[in-house]
Amino acid sequence: DEQLDLDDGRWEDIHVVTGALKLFLRELPEPLVPFSHFDKFIAAIKIQDPAMRGRCIRDLVLSLPPAHHDTMKVLFCHLCRVIDHKEENRMSVQSIAIVFGPTLLRPASEESNMAMHMVFQNQVVEHILNHYSYIF
């Protein structure tokens, strides 16, 4: 119910806004990619054939619950706009994937192969960003 005044000076620092968004997404009871889809996305990004991998990831995104899908569409559209300005903000596709991968995709329980998962989490986010228009 809190009303935010975005003209307030404390919102001028883009790191504050970005940090708030990332914190919000991290603290969701279930991530944007639901726990039930985590292993499916990890398996999909490991597919060697690029065309098959692309179709599989698109189908998985389409299979997300509507609230997850619609939020992902808006968020990734915005992140693509951020990437369009990478010369000024130094946020490439890879940088965005590193920042948002573990926040948007995480397993239901932390496992011993967390470092390996992180590589694939980043790759999934990078793939969706690189193929946004095909997926959405």
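Modeller: A salt bridge here means a side-chain nitrogen of Lys or Arg within 4 Å of a carboxyl oxygen of Asp or Glu. Keep in mind that this is a predicted model.

Biologist: What makes the contact of aspartate 59 and arginine 58 a salt bridge?

Modeller: Their side chains meet at 3.7 Å, N to O. The cut-off is 4 Å, so the pair qualifies. A search of the whole structure finds 1 salt bridge.

Biologist: Why is aspartate 59 called partly exposed?

Modeller: Its relative accessible area is 43%.

Biologist: Why does aspartate 39 count as exposed?

Modeller: Aspartate 39, found in helix H2, has 57% relative accessibility. Exposed means over 50%, so the label holds. As for its position, aspartate 39 is 35 residues from valine 74 in sequence and 23 Å from it in space, C-alpha to C-alpha.

Biologist: How do you know that histidine 69 is buried?

Modeller: Histidine 69 has a relative accessible area of 15%. Buried means under 20%, so histidine 69 is buried. This residue is found in helix H4. Leaving aside neighbours within four places in sequence, histidine 69 is in contact with Val61, Leu62, Leu64 and Phe136.

Biologist: Why are H2 and H3 called roughly antiparallel?

Modeller: H2 and H3 pack at an angle of about 165 degrees. Angles over 145 degrees count as roughly antiparallel, so the pair gets that name. Their axes are 9 Å apart, and H2 passes H3 in a left-handed crossing.

Biologist: Which residues of H2 and H3 meet?

Modeller: His37, Lys40, Phe41, Ala44 and Ile45 in H2 meet Arg53, Cys56, Ile57, Leu60 and Val61 in H3.

Biologist: Which residues touch the most other members of the largest nonpolar core?

Modeller: Phe41, Ile128 and Leu129 do, in a core of 31 residues. The elements giving two or more residues to this core are helices H2, H3, H4, H6, H7 and H8. H4 gives the most, with 6 residues.

Biologist: What does isoleucine 128 touch?

Modeller: Not counting residues up to four places away in sequence, isoleucine 128 touches Phe41, Ile57, Val61, Met72, Phe76, Ile135 and Phe136.

Definitions and conventions:
Residues are numbered from 1 along each chain as its sequence is written. This is a predicted model: local features need pLDDT of at least 70, side-chain atom pairs count only at pLDDT 80 or more; totals for chains, interfaces and linings use all residues. Side-chain values use heavy atoms; hydrogens and water are left out. Buried means under 20% relative accessible area, exposed over 50%, partly exposed in between (1.4 Å probe, protein chains only). A nonpolar core is a set of buried Ala, Val, Leu, Ile, Met, Phe, Trp, Tyr and Cys residues joined through side-chain atoms within 4.5 Å. Helices (H or I, at least four residues) and strands (E, at least two) are DSSP runs, numbered from the N terminus. Contact means heavy atoms within 4.5 Å. Axes are lines fitted to C-alpha atoms, for helices over the stretch in contact, and angles run from 0 to 180 degrees between N-to-C directions. Angles under 35 degrees count as roughly parallel, over 145 as roughly antiparallel, 65 to 115 as roughly perpendicular and the rest as oblique. A crossing is left-handed if the near helix is turned anticlockwise from the far one by less than a right angle, and right-handed if clockwise.
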